[in-house]
Amino acid sequence: MTFAGGHDQQALAFEEHGTGQPVLLLHGFPLNRTMWRPQVAALSATHRLIAPDLPGFGESRALPPSRTIAGMAAAARDLLNALGVERAALCGLSMGGYVALAFAHAFPDRVAALMLADTAARPDDPQRQADRTRRIALIQGAGMAPFAAEAVPPLLRPRTAAEAPAVARRYQAMVESTPIETVVAALEAIRDRPDLRPALPVMPWPALVLVGEHDPITPPAWSEELAAALPAARLVVLPGAGHMANVDAAERFNTEILAFLRGVAYA
Ligand code: MLT
């Protein structure tokens with residue numbers, strides 16, 4: 001693990017694997033870069049993977065957490081600057097997908113391609129916004145445990161949790177180890193994120209939209225909407241997978257990404 005990017009000694013923790021064209025992996029909420037473990041061996045054989053912990057998450061916990069998705073995208077851009085990476089293919093899952101879209105919107109010259117998994121360009125509706133606010137109050141009043149009890153089960157499809165208790169425990173630990181102030185700031189950032197649907201038609205890059213067939217958090221209909229609005233997107237629904245499609249259907253996820261990346265020109 002290394003630290004780089006950021007201002008005034010504020011640096012993101014990140015890991016790098018492999019060589020070749022860069023792929024920036026953006027993790028979901030309330031997780032950290034270790035959620036990409038099922039991808040590392042397969043994707044690093046041909047590409048340079050750069051997986052940061054977004055501000056306040058994982059080992060970037062010394063940093064003030066970003067209170068906006070755009071702030072997280074700017075931190076990721078700072079990391080690419082520090083690494084001298086001109087253009088990267090962005091791969092984001094869920095909150096990481098919100099960050100990837102915000103990054104593409106703010107820094108279009110730095111993007112080679114988009115891989116958007118279990119995510120959406122639409123904002124929270126009022127009901128979801130109210131639920132984020134309820135969760136902030138829950139955490140502030142009762143700490144992380146009741147929040148984790150609500151947040152972890154919908155991440156993994158029930159079968160993964162039953163078949164692989166170690167995977168489920170790892171996710172539980174990831175959530176519970178995230179600092180309260182980071183979780184609160186990220187809930188605000190997600191709740192208040194803008195509608196990026198109007199920006200999609202002018203996002204020209206090749207795009208791969210992936211979604212678990214049974215994703216209860218960002219359902220397939222939202223990925224259909226995303227893929228239909230992006231000019232050069234392909235939609236892949238991963239059978240049997242839930243929200244963490246990169247875990248539930250890791251092999252197919254990796255195969256689709258590798259096939260997609262083979263066609264991406266970085267120039
Ligand atoms: C995530 O997995 O990043 C979150 O569940 C996203 C969300 O709650 O909108």
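**Exercise 1.** Find the volume of the largest pocket and the elements that line it.

*Solution.* Begin with the volume, which is about 340 Å³ for the largest pocket, where a pocket is, on a 1 Å grid over the protein atoms alone, an open set of points where a 1.4 Å probe fits, with protein on both sides within 12 Å along at least five of seven lines. The volume is the space filled by probe spheres set on the points, which are joined across faces, edges and corners. This is a predicted model, in which local features need pLDDT of at least 70 and side-chain atom pairs count only at pLDDT 80 or more, while totals for chains, interfaces and linings use all residues. Residues are numbered from 1 along each chain as its sequence is written, and side-chain values use heavy atoms, with hydrogens and water left out.

Next, turn to the lining, whose residues have an atom within 4 Å of a point: there are 18 of them, and Phe 29, Arg 128, Arg 132, Arg 135 and Ile 217 lie nearest the centre of the pocket. Two or more residues each come from α3 (95-106), α4 (126-142) and α5 (144-151), helices being DSSP runs of H or I with at least four residues, strands runs of E with at least two, both numbered from the N terminus. The most, four residues, come from α4.

**Exercise 2.** Describe the backbone at Pro 30 and at Ser 94.

*Solution.* Pro 30, in the loop between β3 (22-26) and α1 (37-44), is joined to Phe 29 by a cis peptide bond with omega about -5 degrees. Ser 94, in the loop between β5 (88-93) and α3, has a positive phi near 55 degrees. Most residues other than glycine have a negative phi, and most peptide bonds are trans.
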